[in-house]
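Have the chains open side by side. We will go through a helix, an interface and a loop.

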Amino acid sequence: MRAEQRSGSVMAAPYTAFLLIFALYPILFALALVFMKWDLVTTPSFAGFDNIRMLANDGRFWRAVANTFVFLSIHLPLQIATALALALALNRPLAFLSFWRAAFFLPVVISGAVVAILWSNLYATDVGLINGVLVRLGWAPVPWLTDPSTAMPAIAAMVTWKNVGFYVIIYLAGLQYIPRSCKEAIEIEGATSWQRFRYLTLPSLLPQTILVVTLSTINGFQLFIEPYVMTGGGPLRRTYSIVLYLYTNAFAYQKMGYAATIGVALAMIIGGVVFVQRRLIGKAEAV
Amino acid sequence: MDPVPDGPAPLAVNLDYLRHLGLDAAVGGIPVRVVSLYAEAPDYRPVGSPARDGYEGIASLDDAARAAVVYLRAYEQTGDVRAHDEAMQLLAFVVSMEQGDGEFVNFVDAKGKLNRDAPSSRKSMSYWAARSLWALGEAVRVLGPADSVQLAVMRPVLNRTVVRLATEINAGRLIGGSATATSEALLGLLALERAQSPPGVASLAARTASLLVPLTSGNAETQPWGARVDAPATDWHAWGTRSTEALAIAAVVLNRPDFAAAAKKEADGLWSRFLLAGQTASSVSPNGTATWFPQIAYGIGPIVEGYLALADATGDSRYAVFAGLTASWFAGANPTTIAMYDAKSGRTFDGIDGPLPLKLNRNAGAESTIEALLALQAVTGNPEAARYLSYRPVGALSTSLSSLPSSRGFVDADGARIVLKSGNAGLEIVRGAANDNAGVSSVPDGKKPEPITLTYWPAANPPETRLAMRLAKQWNLENPDVQVRVQPLPAGRSTEEVLLAAIVARATPDVSSNVSSALLARLVRAKGVVRLDDRVATAARLQERTSPAMLSSLRLPDGGIYAFPWKTNPMMLMYNVDLLKSVGVAPPRNHTELLEACRRLTRDTNGDGRDDRWAFWATLKTTWYERFYDFYPLYLASSGGRTLITNGKVVFENEAAVKALDVLRRGFESGVLPRSNFAIGRDPFMDGTVAMKIIGPWFVKELDELKVKGLHYDVTPVPSADGTPESDRFAFADLRSIAIFSTTRHPEEAARFVAYLTSPAADRLLIEEASQLPYRRGLASDPRFTTSLKKWPTLSTYATYVERTRDIDLDPDVVEMFDLLSEAYEESAIYGKTPVRQALARAAGEARTILNAR
Amino acid sequence: MKIFKRIALYGVLAVAALTFIYPFLWMAAATFKPRAEFGSLSLFSANATFDNYRTMWERAPFGRALLNSMLVAGTITMSVLVFGSITAYAMARLRFRGSPWLNAATMGVLLIPGQLTLIPMYTLIVQVGLIDTYAALILPYLFNATAILMMRQFFLQIPQSLIDSARMDGMGEMRILFTIFWPLSKPVLSIVAIFTFMGSWNEVLWPLLVVREQHLMTLPQLLTVFSLGGGAGSVGVMLAASMVLVIPVVIAYAILQRNFIESMAGSGVKG
């Protein structure tokens, strides 16, 4: 017990030191800024609770929060469902297995800004690939990114597309840990494939699901580059994300104190949501 | 950030004393203003011609005309209304002395009576006529269309004078038998040609210049070393040696390089010898014997101006250095070591006599004052020259032009020095040479001081980065003691982060040409950037490059200029000539015509039931700077010069803004503006999907690079609201500035580099390489840039708008203002959710809240 | 019936794969299109050209930058794997004081958006005088919270019995980690490796801030600084630049991907 205690501390020491230098300092800095007014150029001045009060009454901020929830409500289920389905499909002997796996992973390796440009063109009203197909099928083209009702879903679909390959791999890796004997046992009992999935695979993948949900929630809340490149937050601010609002305040308006307040609020919201999610998914974490 | 101590102010051009010499008079019943001839120390009361000269009169046209030139240039450079008024009254005197046939009388007495008898005054086409022509030509150039009413009075006089001059020139006669008078007349013709190019003036000017060319006598090796003299085997006089200046300007204005080659002869030969000698002779005989005294302003000034004109005509900055060194005579680099020009009073002493006894004549008459001011106006407008005003020659002055040292050193009070060495290609300049007493350059090895390094962050796009690297390379070759390192910034969104992070960490470069207006406003408040209009090099460049009106909106509350206005991209409406012709519409001038053009051009060309061609496309993106291409230029086109914020007050809630939003709303509502987006990387204007776009001249280069086939385009001003008077129309400037951060340890060197980046030569490169326009007065008519502008289609049209622009406000919160307007635009114009007025009122309300909160 | 199901499976996979690959192919094709044709849908152009690549190379010869990127991304990936797994092991399998705190802090780091910590991080680097060094590029990335979280989550699944018996054999914790956990964790280590390498490889903003000397620039930085510019014309060059960036990551992926699915036989995990 003592030995475990000691080796634990020793092994965690470098990371602890790293956190103190490269995480604590910037985070304290950001926390301090919540109570400051700072334009990056002049010296910061104390602002008390001004920033917090402003945030509470800032319709644009709450609009961004709402937008982010809209985004997540589409993105999260879609992300988990597609990742799980593809992982299950790929977790079996298939011809050209490497090809399939590489195909789904390709979007992950391209930088977000390039993907955003790529999809702007796919979504473009005039000659976009998607409208091209729709028109060929006899439908009217849809102004995907310029119609207030379709813009955010379009972005959510695109982000899912970009990240799914990554989560597929996490699920694939997780599938390797399901002991084969369990599979065999349950197969002998003559369970249907749905039952097998429901009662064996899904529970076994719980750690991975928690990871996927956590990571995609965090990523989803930090949605930035896609609206920045594709819509600038429009139409009618429907794709204005929290981080885009933070960024605009920090670097376009040079209101660093307010930006920090948005950042801290965002961290609290994510923390809360992740906490609730973990509660809901189960208490399986305890080992 | 700590304030940086201010650098030395450039030698100020002070008109007080010249004004003090002015007298009110009446000629033929018309009130005019004249300049009294003399004023004697110590009380300097203005007096007229003394007995020894036979009481010629109280004042002369000779002086009044040149004084008018001084005032006109002062008005041009500073916008000083008093200078304008003085000039106008002096010009009235000039006009009143004309005798109806292009000939003039020179003197008047105190009662306004003309002196028609004295040889130095009688009616003729001589010196005073030539100078009158010069003043009238300058008046047309400087006042141009702005003062058409007052110019109308002078016009007939000017025309008669030109005609009268032509008879002399066509007969092959020098005016008054003098190279000086002929040169001054030529300067008048060239000013006229530059401004308005009336028929026949160019060829008359060329013939006049051609009369001056053969006056050259000797060459660089043989006496009198290229001096231009009135007649063969006569002495050369320093006073009024204006032929070099006139020929050099003629080379530029008439695009005749042969005149520049001719102009160089006297400068490269004789004047180079003056520099090596360490002093300027007053006259030189045909065999090369120099007379050194008296030394007077009238003998120094024309050489200074000649050098500067040569620097301009040849692009060889050495001539600017020589101009500065020669002009240092005014600041004390003369045998008496006393400053001849006093910036505090604006007075210039009449001269120095000598050699033994050396005598300073402390009287200060009109001619000395005028000539000194003319020379100083020119020098302080040239950064490279202004810097050398404070230098003094080192070592004993030579008294023979035939046996001279091979080099001459000059130092300033801080110990900075340069050495001029005679070399194969004329005088060579060695800068930063080590200390040596003989004034001879010798660079002991190993003792050379480390060069200063300046970092420069150019604007973040490839053509400008390439331009920056090219200019820096050239600078580094010319300035071994100050090396510039170019560190390009990334294009796109990272630019702002990099710059802001650097500011926070005080890791800013010395110079950056990438500072946005909003950031600049903050930086200035925090004293993060260096003031530029009180440093020698940048002040001189500002004076040379811009008019007061062009600077007025860039001044901060303390009156200072903190960012050098470098280039501008005035937005205009670019249109597809063939598409407009195909539906029979003219380029729209107002909103009604714009909507009509939209209606006629919107079309379903492939018959699938959906429109696929439009007149105009306004992007649906709400990022703040997208409004540079739709709402903001439309607003400025009818706002009468109003912007968004003035003195911390919201000024955009007005009819011009309503109309700009409304025309867009009507377009979207009726479907003639597409409520859709296009693929990134595709420009619908280029492929004929859209017939018009609001864009700046940089786009011309882009069009050229993309090699779009069959696109025939032109530009026209952005349409304004119906019934907007011409005077209320402005274009959006999209101005870019260069700043010196106060973290720099070398503000003086950085200022010189900024002046270098904005020189006429650098500006020509900017036009040619990037199809962008320097923020320069009179750009469209400036002959130095004509060839460069012609390199690109439509650029000459863009150039005419450089001075009729408004930029985004120099306000810390201007980005937020644009975002608010973007929202109003989206809600009211694109999606029609809110009426225009209501959306605008809400934006204005929120804007006021933001401004009040700070 | 079974064959029918298989065909259906392949059909669905093929359609899905196409939607993933086509945009990528389109991007690849676009890099060979002349700029005027950029907006077109087709994969082929009658006027195919290398102009975009030529422009990119002319503006930014990236030999040295490629090496810098390899060095930086390689070092960071190694560090995240080695040091990160040590940390994750301690957090997952050892009880020590501060363990819960560390767990919370790791989550906390993930919650704070990078846009907020950018400026303080940069001032920190300036204050310690690391501007224009490799250290500035590497140090802040030596650990990665997401990687630790992932490894921890997977390490939790390895049976305690393996640790107990190893300890019984007198093995130290480090040895347990590297001789027992590592071989069992190839899938997650591979994911972490590819994900860390990719992240570091594609990072632009941080290098832009801390490195201004051309000889220290990373590949994406160099391409951003020199190749790209405003205006529509640069999109082709930008895509060409991202093609150049993507290729090494695809190669790394090809090498690592067979680890994502390890055969059970060698793993030693038995139920």
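**A helix in chain C**

Helix H9 of chain C runs over residues 173-184, and at 1.5 Å a residue its twelve residues should span 16 Å; the end C-alpha atoms lie 15 Å apart, which agrees. The expected span is 1.5 Å times one less than the number of residues. Helices (H or I, at least four residues) and strands (E, at least two) are DSSP runs, numbered from the N terminus. This is a predicted model: local features need pLDDT of at least 70, side-chain atom pairs count only at pLDDT 80 or more, and totals for chains, interfaces and linings use all residues. Residues are numbered from 1 along each chain as its sequence is written, while chains are lettered from A and ligands numbered from 1 in the order in which they are written.

Which residues of H9(C) are buried? They are C:Glu173, C:Leu177, C:Phe181 and C:Leu184. They cover an arc of only 85° around the axis, so they sit on the same side of H9(C). The arc is taken from the directions from the helix axis to the C-beta atoms. The face turned away from the buried side carries C:Arg175 and C:Thr179, both exposed. Buried means 20 or more other C-beta atoms within 10 Å of the residue's own, exposed 12 or fewer, and partly exposed in between, with C-beta atoms placed from the backbone.

Now the interface. In chain A, 25 residues are in contact with 27 residues of chain B; contact means C-beta atoms, placed from the backbone, within 7 Å. Helix H5 (112-123) and helix H12 (242-252) of chain A each supply at least two residues of that side. H5(A) gives the most, with three residues.

Last, the loop. B:Lys113 lies between strand E6 (107-108) and strand E7 (114-115) of chain B. B:Lys113 is exposed, because 12 other C-beta atoms lie within 10 Å.

Technical notes:
Two residues are in contact if their C-beta atoms, placed from the backbone, lie within 7 Å.
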